[in-house]
Amino acid sequence: MGGVWINTVETTKLQTPKPAFHFSDFPWPDSVPELFPNQFQVLDYLRSYAHHFDLIKDIKFGTKVLGIKYQGASDEEMQPWCLWGWKWGALQFKREMGVEHPCRVLYRTEHWNVPDYNPWGVPLPYLYLNRFSELMVHKPGEGFLLSLLATILAPLRLAFSKFVESDIEKKLRLAKFVKLPVLASAKKALKFKVRTTRFQGEKNIKDIFESKTFQDHILGSPDAAVPLYRECIHPRIPQLAVIGFSECVANLYTSEMRCRWTAELLDSTFKLPSIKEMESYSAKWDQYLKRYSGRYYRRSCIGALHIWYNDQLCKDMGWNPKRKKGFFAESFEPYGPSDYVSP
Ligand SMILES: Cc1cc2nc3c(=O)[nH]c(=O)nc-3n(C[C@H](O)[C@H](O)[C@H](O)COP(=O)(O)OP(=O)(O)OC[C@H]3O[C@@H](n4cnc5c(N)ncnc54)[C@H](O)[C@@H]3O)c2cc1C
């Protein structure tokens, strides 16, 4: 119970502030006053969530998923499918890092601080996690007005970035760090073997399928973003939701929203569009990612458009996407998991 949080490097802490990393209906206990809880506190929190909602009985422990396959049609029969029904499937990424592949992380404590979410005293969520901030960014498939606004506000986005960057530069003493490259001397003096974790998310997600057809579908074209509709399901792979492949600044919050969307889909409270429409959505995300992430487009992060993305999930589920009271709060107050407690 607890996934990556069971076994982390000593002194690991949450990088996301606590208010953004919690389940909407399960606040952190008062016994954790820290803004950035450590790994034991995160683990406790996840475990108490599972106990509180009696989820343990639904988890099969000590079992490794070796592969998944769709029971029913064969690969050939699936090729021409245009419409399919939804039941349930599950996918978990295989975690490769373990005792067979140990790794060491080299870091300098003086320079690498816990992130500060108050650059020059201004809370970061007011700069990046409200609706106004999302107006500064172009969106997949946006209309003329949103596109115009994003273009007009681009200089302000740059100013925000420079403002935050100057604070980071000062706090982490980066200018000094660049002049005195400590890692270069450390490399000579210390006999450290640095290995990567070998974590290959794309390979894992592909290999889990027994079907060659699904293996080919899931990752899509190598020069496009992984084609998941709503960052969650593949239009041509039935009965399967992928939670957690596309990331965000607070993954628990994002994953919870996706799980709720998937649950509503399974309950048939809304219908999916056609495969063509879903693929067109993915193509628009692909363009957006290439515009902003350059060569790192392949794996999605919805961070810059978190509220806009949640709006889409809400609309699908028939929820009101606007979760604040009044124009000012709606435009400038930061959004977080607590805004989505109830439908
Ligand atoms: C050091 C560290 C710090 C992080 N800090 C943050 C942070 O501050 N904020 C944030 O938002 N995110 C952070 N993350 C990202 C973090 O991965 C996610 O927030 C979240 O824990 C992912 O949860 P998950 O359930 O999707 O995956 P995981 O936590 O990876 O859980 C997957 C589980 O599935 C199991 N599993 C894998 N393959 C199989 C198989 N074949 N069969 C059966 N079981 C299998 C694994 O053993 C594991 O228990 C951090 C990650 C790390 C490693």
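Biologist: How many residues does helix α11 have, and what span does α11 reach?

Modeller: Helices here are DSSP runs (H or I, at least four residues), numbered from the N terminus. The expected span is 1.5 Å times one less than the number of residues. Helix α11, residues 275–293, has 19 residues. From first C-alpha to last, α11 reaches 26 Å, close to the 27 Å expected. This is a predicted model: local features need pLDDT of at least 70, side-chain atom pairs count only at pLDDT 80 or more, and totals for chains, interfaces and linings use all residues. Residues are numbered from 1 along each chain as its sequence is written.

Biologist: Which residues of α11 are buried?

Modeller: An α-helix has 3.6 residues a turn, so residues three or four places apart point the same way. Buried means 20 or more other C-beta atoms within 10 Å of a residue's own; exposed means 12 or fewer; partly exposed is in between; C-beta atoms are placed from the backbone. In α11 the buried residues are Tyr281, Ser282, Trp285, Asp286, Tyr288 and Leu289.

Biologist: What follows α11?

Modeller: Gly294, with a positive phi near 55 degrees.

Biologist: How many helices and strands does the protein have?

Modeller: Strands are DSSP runs too (E, at least two residues). The protein has 13 helices and zero strands. Buried residues make up 20% of its 343 residues.

Biologist: Which residues have the most contacts inside the largest nonpolar core?

Modeller: Nonpolar side chains tend to be buried together in soluble globular proteins. A nonpolar core is a set of buried Ala, Val, Leu, Ile, Met, Phe, Trp, Tyr and Cys residues joined through C-beta atoms within 7 Å. The largest one has 42 residues. Those with the most contacts inside it are Phe21, Cys232, Ile233, Ala241, Val242, Ala250 and Tyr253. At least two core residues come from each of α1 (39–52), α9 (212–219), α10 (251–266), α11 and α12 (306–317).

Biologist: What is Tyr253 in contact with, beyond its neighbours within four places in sequence?

Modeller: Contact means two C-beta atoms, placed from the backbone, within 7 Å. Tyr253 is in contact with Ala20, Phe21, Gly336 and Pro337.

Biologist: Is Ser342 buried or exposed?

Modeller: Ser342 is exposed, because 8 other C-beta atoms lie within 10 Å. Ser342 sits in the segment after α13 (327–332). Its C-alpha is 8.6 Å from that of Ser24, 318 residues apart along the chain.
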